[in-house]
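Visitor: I have a model open and want to go through its packing. Can you take me through it briefly?

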Amino acid sequence: MSWTLRVGSIDGEAWSALLQRQPHLLFHEPLWARIVGAGLGGKALCLLLEHDGQVIGGASGFFLRVLWARFLYLGFPYGGFLGSTPPGGLLAKLLVDFARKENVTRVRITDGPGMPSTPPDGFCVQPGQTQLLDLARRSAADLLQTFPKNIRRDVRRAERSGVRLSPVRDRRDLDEFYSLYLASMRRNQAVPKYGKLLVATLYDHVIRCGKGELWLARRNGLAISGVLVVDSAHASHYLLGGSRADTLKYCPNELLLWQAIRRAVQLGKEFFDVLPSGPQNPGLARFKSKWGGQDTQADTLDLVTKPWSQKLYDTAYRIAGSSPLRSVSCHLRNLRHIR
């Protein structure tokens, strides 16, 4: 019995058949791969795992070149492998052999909640988690009553303060939303993960196709906060948001997230997923965790095949995130950089 790893077409029959057989997320679908390719300047692909000549597992992802390094991401923002994977360290070995042939500096896999965990043997594992809010068989009214008192209070405060929500409908609204997102990243001293082109592509090919929603919160006509959610078959995912620091006292973020959760209930989703915030954004992590979701493992696994190239890249990334050299961060963002 033998295992092999090969590149498949993201729109091909083998990947389509695997998706039909396996529970999966929006992030595994060909639509998502094309969005990432267009929005990040990457090359979408899927990797198929064959056992004795039969495809029984695989992952979707993309190649991305940043400066001198070439990366392979399998799952963005997460997703990981579907189906079966080889035991022990064989998966890591297959990926290392593939990466070296493709001149890849690092392979990164981020497992998704409810998906099979990637065998850790041979990988450098970064523990991570998200929170899943259970929506099954719960009405929005009943769910609201289960939230802590401070959340219900903040939702009412936003409504009494004149905060009003509206969906993004045109490019001007989209520009306002992205400005709010950048403002939050600056406030949290984090390098933006989503470039403007990627957000615009998400809007054109996900939101307008009914697989998500993008709202702005306004007060006295001024856009003060925004949130973008996308949908898998059984879940709705908080993808990104942004806000003005000087208007947080009106609690627009709480009203927006409640709107996103309420929409997920109305659509019959089984859970609402806040997505991992990462160690660089503890404020956002605290905001997401207070809604009472259940901690769910979502680890990141790395294979570095070019250590010196990776070390140089890590150094550039740290410089980009330092406040004295914020212009470097902007340069990396313009290169459609993601971590």
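Visitor: How do helices α5 and α8 lie, roughly parallel or roughly perpendicular to each other?
Guide: This is a predicted model. The axes of α5 (residues 149–160) and α8 (residues 252–266) are 8 Å apart, at an angle of about 110°. Angles of 65 to 115 degrees count as roughly perpendicular. The two helices are therefore roughly perpendicular.

Visitor: How many charged residues does the contact of α5 with α8 have?
Guide: From α5 come Asp 154, Val 155, Ala 158 and Glu 159, which meet Glu 254, Leu 255 and Trp 258 of α8. Asp and Glu count as charged. By class, the contact has four nonpolar residues, no polar ones and, as charged residues, three.

Visitor: Which strands stand at the edges of the open sheet?
Guide: Seven strands form this mixed sheet, in the order β9-β10-β11-β12-β13-β8-β14. An edge strand here has a single partner, so one of its sides has no neighbour in the sheet. That applies to β9 (163–167) and β14 (294–297).

Visitor: Is Ser 243 buried or exposed?
Guide: Ser 243 lies in strand β12. Its relative accessible area is 2%. Under 20% counts as buried. So Ser 243 is buried.

Visitor: Which side chain does a polar contact of 2.9 Å join to that of Ser 243?
Guide: Beyond its neighbours within four places in sequence, Ser 243 is in contact with residues including Leu 180, Arg 187, Ile 224 and Asn 253. A polar contact requires N or O atoms within 3.5 Å. At 2.9 Å, the side-chain partner of Ser 243 is Arg 187.

Note on methods
Residues numbered from 1 in each chain as written. Predicted model: local features only at pLDDT ≥ 70, side-chain atom pairs only at ≥ 80, totals over all residues. Heavy atoms only, no water. Axes fitted to C-alpha atoms, helices over the stretch in contact; angles between N-to-C directions. Helix = DSSP H or I, 4+ residues; strand = E, 2+ residues; numbered from the N terminus. Parallel < 35°, antiparallel > 145°, perpendicular 65-115°, else oblique. Contact = heavy atoms within 4.5 Å. Pairing = 2+ DSSP bridges. Buried < 20%, exposed > 50% of the residue type's maximum accessible area, 1.4 Å probe, protein only. Polar contact = N/O pair within 3.5 Å; in protein donor to acceptor, adjacent residues only side chain to side chain.
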